[in-house]
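Please keep the sequence and the model at hand while reading.

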Amino acid sequence: MSLEARGVTAGYGGTDVLVGADVAVRPGEMVGIIGPNGAGKSTLLRALTRRLPLRAGHVLLDDRELDRWPRLALARALAVVPQTATLPPGYTVAELVAMGRTPHQGLWRPASREDREAVSWALDHTDTRHLRDRSAEELSGGERQRVVLARALAQRPRMLLLDEPTTHLDLRYQVELLTLTRHEVARGLGALVVLHDLNLAARACDRLAVLSAGRVVAQGTASEVLTAPLVRRVFGEGVEVRPDGERPLVLPRFGGT
Amino acid sequence: MARALPASRLLPRRGPAPLLLSGLALAAVAALAVAVGGVHIAPGELLGALLDGVTGRLHGTTDTIVWQLRLPRVLMAATVGASLALAGAAFQGVFRNPLADPYLLGAASGAGFGASLVLVLAGSVPWLARLGVPWAAFACALATVAAVVALARQGARLPTVSLILAGVVLGSSLAAATSFLMLASRDRAAGILSWLLGSFAFSSWDGLLAMLPLALPAAALLLLAGRSLDVMQLGEEAAAQLGVPVESVKFALLGAATLATAAAVSAAGVIGFVGLVVPHAVRLAFGPAHGRLLPLSALWGALFLVLADLVARTVLAPAEIPVGIVTALVGGPFFLALLRRQQRGR
């Protein structure tokens, strides 16, 4: 199942934050969205999840206009890991992950065997089984994001959108979270992830799309996209790009050096 | 570091045990409340009287006291308590705020104003007298909440903050209007005040039968809403992403909770504290998952109000204290103790 934005324009009030954006994610592929603050990354994600009405263009999931998907079918196909998820205190990890089954279970039906299996599978694949009886407020930052990922995976989606999922995590958990996600991508999941860290994006993603001032200015593999002229044009002169095989390194550069 | 076990974990939180034990506790308290009063009824007599009623052969004063006075009163207190606590749990869940209570959207101020109008003007306006206090209170409670929703809604959306603001503002205006009515007709002020503080002194089978057709469907809908309320705790955006029709769920739950509240208030006046504190106490004791929280709130709300009414009619017997005063005086310290214990458990 693929997700495709074609010429998407969206915004707030009188301004278009995103203009004519084209992005596509295919199954078994992880696409990174990078770009400076205010470039329209979060707006793109909102447009891709029907939270923001499109002013022009189309969003197609499985070649079908997003607006024409029934509510529950869409929730079964598409899951979201937000930047900072609310984990209400007092609920156990097992209860929180089980909430990911809502689109399959509906609001009235009790959990089926399939639901329980999906929750169990998600706990195993995110290394959160040992946390299952802990309550939300007892978790560390890294554990919280793993639990949120577990909830999204319990949805058994075909397409996963992650909005800066590594923002509050240290390096170890950043790598861990993206490794867990890649693991599912290798099994056929499509993933679109907004990332701030260019090097992390270059190493974790199959393809990158660069957003600048609301437009997609480059798309391709890390070595195709992260060229010195483009990175300087988008992020300013204070960066240096060092070629490092397939995945270039982007480093900060301070005056005079 | 060893973590102290929270107090809540000492109670069984899973399976049918909490519900079963709470149900038994409610039955025991209800039996006690029927037995105790101006005339004390021994357990054997109580059983006999109950059997007489079931078989339809009522005779003697004990049967009359049980079936005509105490039983309708206890059942009314239980129904009102369950309705208020259930509505409170729903309001707190929808607004994701533990300070929300069933009166947040103006149901109490509306009911109070409606009741005051009848109490003050019944002598001069015959149709108000025919309407009667309960129905006037019920109609004004519903009308107030409907006005609050109409003021707050933006298209199909019902933003929480505007809803609370509109509720608080309209509620204050109506409370001011009620105060004016009380001052303007001082001979009725005591009657209005005692209605506002709540009482079960005039409970009857007729009153109970008028309330149940409103309270039962509302309660049924709320009891089925556990899962949607759980998911709503993730935030409205996350809930929508999981396929929950957030705005429709909000409308339905606030509608059902308002119906339950209006029915309760019209039957017994504005009884505070139950709807705010019972769901809170249940959450502290049994955890926040709504599949347990909603039915347990109903049971403990019923138990709490039956007990409060028992206190209200016995401590200064033969005089009665308004039950709303008892709920706050007795419930307050109990709740604070529970809160302290929970905090120390952390």
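## Overall form of chain B

Which pattern does chain B follow when read along the sequence? Chain B follows α-α-α-α-α-α-α-α-α-α-α-α-α-α, and its secondary structure comes to 14 helices and 0 strands, where helices (H or I, at least four residues) and strands (E, at least two) are DSSP runs numbered from the N terminus. The radius of gyration of chain B is 21 Å, close to the 20 Å that the globule rule gives for 346 residues, so chain B is as compact as a globular protein of that length; this radius is taken over C-alpha atoms, and the rule is 2.2 Å times the number of residues to the power 0.38.

The model is predicted: local features need pLDDT of at least 70 and side-chain atom pairs count only at pLDDT 80 or more, while totals for chains, interfaces and linings use all residues. Residues are numbered from 1 along each chain as its sequence is written, and chains are lettered from A and ligands numbered from 1 in the order in which they are written.

## Where the chains touch

In the contact between the chains, 18 residues of chain B meet 18 residues of chain A, two residues being in contact if their C-beta atoms, placed from the backbone, lie within 7 Å. On the chain B side, the elements that give two or more residues are α9 (226-232) and α10 (236-241) of chain B, and the largest share, 4 residues, comes from α9(B).

## Strands of chain A

Strand β1 (residues 3-12) of chain A pairs with strand β2 (residues 15-25) of chain A in the antiparallel sense over 7 bridges, pairing being assigned if DSSP finds at least two bridges between two strands. Gly11(A) stands opposite Asp16(A) in β2(A), and in the hairpin, which has 2 residues between the strands, Gly13(A) takes a positive phi near 55°. β1(A) is also joined by 5 bridges to the antiparallel strand β4 (residues 56-61) of chain A, where Leu60(A) stands opposite Glu4(A).

Helix α6 (residues 141-154) of chain A has 14 residues and reaches 20 Å from its first C-alpha to its last, close to the 20 Å expected at 1.5 Å a residue, the expected span being 1.5 Å times one less than the number of residues.

The buried residues of α6(A), including Arg144(A) and Leu149(A), pack against β6 (78-81), α3 (93-98), α5 (113-125), β7 (159-163) and α7 (171-186) of chain A. Just after α6(A), Arg156(A) takes a positive phi of about 50°.

Conventions:
A residue is buried if 20 or more other C-beta atoms lie within 10 Å of its own, exposed if 12 or fewer, and partly exposed in between; C-beta atoms are placed from the backbone.
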